[in-house]
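Dear colleague,

Please find below the structure that I am handing over to you, together with its sequence. My findings follow directly after it.

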Amino acid sequence: SGPMSVSTTASERAADGSFRDALRILLRVVGYFRVFKARIAAKFGLITFEHTLRMLVLPWPLKIVVDHVVLGKPIDADASGFPGYMAPLVLPLRDMNATQIMSWMLVFGVVTVAFMGMTLNRASGGAGGSGGSAGAAAGAAGLANQTLADGHDTATQTENAANQSQSAMGGLLGILEFKLHLRLSQALNHLLRSQLASHIMSLPMTKLDDQRIGDSTYRVIYDSTSATSIFSELIMGIYGSLLMIGLAIGVMLTSYGNAPEVIIAGLLVGPLTFLFATPFARLVRRRSRISRSAGSTTTSNIEEGMNNVLAVQSLGGNKRESQRFSAASNESFKRYRGLVVSQLLLGGAGTLAFLVGQILFFVLMAGHVIDGTYTAGDYFVVLYYFFVLSAVCYGFGFIYAELQVHVAGMARVFSLLDTPAEKTVEGVTLPEIHNGLVMENVGLTYPDGRSALRNINLEARVGEIIALVGPTGAGKTTLAYLVPALLQATAGKVSIDGIDLKDVSVESLRQQVSYVFQETQLFSDSILDNIRYGNKTASLEEVQAVARTAGAHEFIMDLPEGYNTNLGTVTSKLSVGQKQRISIARGLLRESKILILDEPTSALDPETESYLVDALHEAAKEKLVIVIAHRLSTISHADKIYFLEAGEIVESGAHEALMAKPGGRYRQYVALQAGDT
């Protein structure tokens, strides 16, 4: 127990590198967007329509209300003071009084609210906010978004990212855009999560042993949402921001070109923010990665505690596990607080730059209004454009820093995705097995240098029962794992029907090998579907036949729903032996030429074991049956026994032949089981 250290892979540490590293990860994320080209094109179209209308049309009613309603100034015959594209909308108001003009402004407001959710209030004040990214800056200019309540930690906040949606509009068009964005976010996140989960399932056994389940879960559920955030907050935000900058500068140069210093003041906010914020960018990125790693450690602790709850309770470890989780949780919040502090420093630096730009604008613009260059109405129009321009440029100053947070999450995702998976489809297709299995001078050394098997020479034919026997840790299960290529031999040759398994596609090999593991692997599904998991076309009668052979039929029929009983609700009520029998029945039902059973009788009573042994002999007429067992009653009937010690086969032969060897290792092993010293 105690605070957990946060470890990272080399790929994840690379995410702390240069801007080039971050850009490479970003471009890789963008590659996923090609799957949703139509939806993304529609989203871009709606943003373009909204931003264009907002920037070109929406500010000018402010000038009309202030100059021609409040101050009562007449509208010029040529609508001077307005852009040319506004003349057809302004000239019809020239002969109206203030009340009539205001009535038409009200109609304009009702229409824009109904279809787009835009109001004069949002036009004048909506741009005055600020955000921490280009997307947030776009939001300051009228972006509407909807998120779920979240907590002060990385994990819960990512749930918002997975269901993120936003619309630059309200009203009817806003509903359409919001729904489109929501479906796009969920589809993108689903694609990445599914791909990552599928890849984890295809990892080699050695990698799966090293990869903590909680950490993998964290990457699938939480880190993957960074892709959605990159799309929503960066890609769409950058596009919308660039569009607004272009439109704002165009209108200001066209209508207020005699005051270019106001435009410069707005644009100056961008480089000022970038200058002030850049020193904190890598700090935020590093803190984000560390926070995610600490969060995955907490998730792993929860998973381990739940999986081992019986051991914890039986050994009186409740308090210890509580302290262990508490330490991991505290570490996670500590790391998250570090991230928040770095983000506050970043935000404070950016806000300082934004305030400098605001001060410059008020000084410059106030002078132009006082000397009569601009009217009071012009002041509000220019104020709108300035705030849009400065808010967007302010957001641009945070793009690099904002990128770091999401790059940290995607670096963890791609680190796992880049882990080499099993090459299941590469190689030749293994024909139907007729002869059997041969191992020649086989050895296996784990990546960490541990030697598991040495000089293994073994021959097993279809129609035989082969028993692997030996003390705990002798390498029996490791040897059996070589047959379905769950592990790959690092020395020697493993062949089936004369074909080297290194040349065979793993997929075609495993279609002909059934493995019943020592640790029962059952799914939260009906017993019927669990038994026929490897043979979906099997009939109920066939399922019941193998269940009888495995000694499972009677207790299954005693359950309330029989074979339709869902193990997700009753599995905790089944004994270890009952679960094992279901697993054995599943292995017997699968149409495979090689059947491997790892300790199949360890939890069976003598009568059921006898039935199973008879069933194995029946199965061996058409299959090669490999049994890993300790009980003499199971192994003594095997056609050939291989006795292993320390990763080597020290004896092999039939039971009677091995027992006839004076001082033989197998004979001593049997004697110890019988209590003969």
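The secondary structure of the chain comes to 29 helices and 12 strands; helices (H or I, at least four residues) and strands (E, at least two) are DSSP runs, numbered from the N terminus. This is a predicted model, in which local features need pLDDT of at least 70 and side-chain atom pairs count only at pLDDT 80 or more, while totals for chains, interfaces and linings use all residues. Residues are numbered from 1 along each chain as its sequence is written, and side-chain values use heavy atoms, with hydrogens and water left out.

Of the 677 residues, 50% count as buried (buried is under 20% relative accessible area, exposed over 50%, partly exposed in between, with a 1.4 Å probe and protein chains only). The chain has an accessible surface of about 30,700 Å², and carbon and sulfur atoms contribute 58% of it (Shrake-Rupley method, 1.4 Å probe). Among contacts with a separation of 6 or more, 77% join residues 24 or more positions apart; a contact means heavy atoms within 4.5 Å.

Helix H3 covers residues 37-56 and reaches 28 Å from its first C-alpha to its last, close to the 28 Å expected at 1.5 Å a residue (the expected span is 1.5 Å times one less than the number of residues). Its buried residues are Ile 40, Lys 43, Leu 46, Ile 47, Glu 50, His 51, Arg 54 and Met 55. They line one face of the helix, because seen down the axis of H3 they fall within an arc of 145 degrees (the arc is that of the directions from the helix axis to the C-beta atoms). Lys 37 and Ala 38, on the other side of H3, are exposed.

Helix H26 (residues 606-619) has 14 residues. Thr 608, Glu 609, Leu 612, Val 613, Ala 615, Leu 616 and Ala 619 are buried in H26. Seen down the helix axis, these buried residues fall within an arc of 165 degrees, so they line one face of H26. The cover over them includes strands S5, S9 and S10 and helices H22, H25 and H27. Pro 606 and Glu 607 are exposed on the face of H26 turned away from its buried side.

Strand S8 (residues 513-516) points Val 513 and Tyr 515 one way and Ser 514 and Val 516 the other, and all are buried. In a regular strand the side chains alternate between the two faces of the sheet. S8 pairs with S9 in the parallel sense over 4 bridges (pairing requires at least two DSSP bridges between two strands). Leu 597 in S9 is the bridge partner of Val 516.

Yours sincerely
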